Amino acid sequence: MSGVGALARYAGLARRAMEVRLGSTRPFKVILSVTDRCDCRCEACFIWRKPKGDELTPAEVGQALAGSPWVRWLNLTGGEPFLREDFVELVEAAVAALPRLAVLDWPTTGQRTDRILAGTERIARLRVPRVFLSVSLEGPPALHDRLRGRAGAFEAMCRTWAGLRAMPGVRAYLGLTLHADNEDHVEEALDAVAARVPGTTLEDLHVNVLTTSAHYYDNVSTGLRPPRGLPPLVRESLRRREASAAPQDLLEAAYLRRVPDWLVRGRSPVPCRSGSASVFVSARGEVYPCTVYDRRLGSLRERSLAQILDGEEAAQAREVIARDACPGCWSPCEAHPTLLASMPGALLRG
């Protein structure tokens, strides 16, 4: 895609974020779970325990998104997306349905290196201006394998990371979910990856905090607890991103800067715009305001996304969120679009 074309799409994303700030209820970001299947047995997330089957097909995804032209950012999540043999076909259907898409991203456990690299290479050729993915990192090797519930998970993840970071057309990150069991091991974890994949730096690290959810993660019974605060290496990551001019770094900095406030109060540090800036869709097509608020708004197999968002249930959910009476969270899935819709002030220090 030409630089002009990419800029036009980014401008479209910025315009949609401003429209949400001014009252639009058409989300510019959709978080779509493509599967509840997973190849890890994580302690932080129990998606792997959920019932399986009846996933939206690529055709259903394409049809749903074709009726939602206001979407500019698509996050495809799971489970492990690449456990779907038709994942690339699903992505192709989604991108074809959204000709003005600016950002496409997804996470991976990094366990199936060959499939992940081959699929990502195909996706990178779809000409979406910004394509990025996160490879899950829990800690140094032994801790990573324990928290992931899979022997050899760290080494497999590093093999995938090595291939992804060298791939043109895509930006890969190491995605670390911060909690009490790994907050003192962040530097050790990054050093262990760098020892296996030379060139890995702090700029490759994407951090979020432990989030619990009944309908998505199914992890309200997890024994893990949130971190005490931001570890020194994460504070250094924040400092570097604040000094950057790259939009993605400023957005990451705005998120990290507010983590301590959320850890103290348990409420979104910025008025949440879930249900307006973003919306969550389960692997079966069930629509929720976000990944945390367990309030079903409707099914894409029964009504279009626009009809669901215009419904009374969605209106009531947005009112609850506006009153800050929802469960309260600071998950990047929703925090990042909320920050975008609150710009420019939300992206500044303070």
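1. A word on the basis. This is a predicted model, in which local features need pLDDT of at least 70, side-chain atom pairs count only at pLDDT 80 or more, and totals for chains, interfaces and linings use all residues. Residues are numbered from 1 along each chain as its sequence is written, and side-chain values use heavy atoms, leaving out hydrogens and water.

2. Buried means under 20% relative accessible area, exposed means over 50%, and partly exposed lies in between (1.4 Å probe, protein chains only). Among the buried residues are C333, E334, H336 and L340. Their cover includes helices α1 (3–21) and α9, along with strands β1 (29–33), β2 (73–77), β6 (205–209) and β7 (278–281).

3. Next, the pair formed by α8 (residues 232–242) and α9 (residues 247–257). They pack at an angle of about 135 degrees, and their axes are 8 Å apart. That makes α8 oblique to α9. Here axes are lines fitted to C-alpha atoms, for helices over the stretch in contact, with angles running from 0 to 180 degrees between N-to-C directions. Angles under 35 degrees count as roughly parallel, over 145 as roughly antiparallel, 65 to 115 as roughly perpendicular, and the rest as oblique.

4. Which residues in α8 and α9 meet? From α8 come V234, S237, L238, R241 and E242, while α9 supplies D249, L250, E252, A253, L256 and R257; contact means heavy atoms within 4.5 Å. By class, this contact has five nonpolar, one polar and five charged residues. For that tally, Ala, Val, Leu, Ile, Met, Phe, Trp, Tyr, Cys and Pro count as nonpolar, Asp, Glu, Lys and Arg as charged, and the others, Gly among them, as polar.

5. How many disulfides are there? The count comes to zero, taking a disulfide as a pair of cysteine sulfur atoms within 2.5 Å. For C42, the closest cysteine sulfur is in C40, 5.0 Å away, too far for a bond. C40 counts as buried at 0% relative accessibility, and C42 is buried too, with a relative accessible area of 5%.

6. Now the backbone. Most residues other than glycine have a negative phi, and most peptide bonds are trans. D54, in the loop between β1 and α2 (58–66), has a positive phi near 60 degrees. D54 counts as exposed, at 54% relative accessibility. D324 also has a positive phi near 60 degrees and lies in the loop between α12 (312–322) and α13. D324 is partly exposed, with a relative accessible area of 36%.

7. Please also look at G78 and G79, which are joined by a cis peptide bond with omega of about 20 degrees. G79 is in the loop between β2 and α3 (87–97).

8. Finally, A14 is in helix α1 and is partly exposed, with a relative accessible area of 33%. The C-alpha atoms of A14 and R72 are separated by 9.2 Å, although these residues are 58 residues apart along the chain.

Definitions and conventions: Helices (H or I, at least four residues) and strands (E, at least two) are DSSP runs, numbered from the N terminus.
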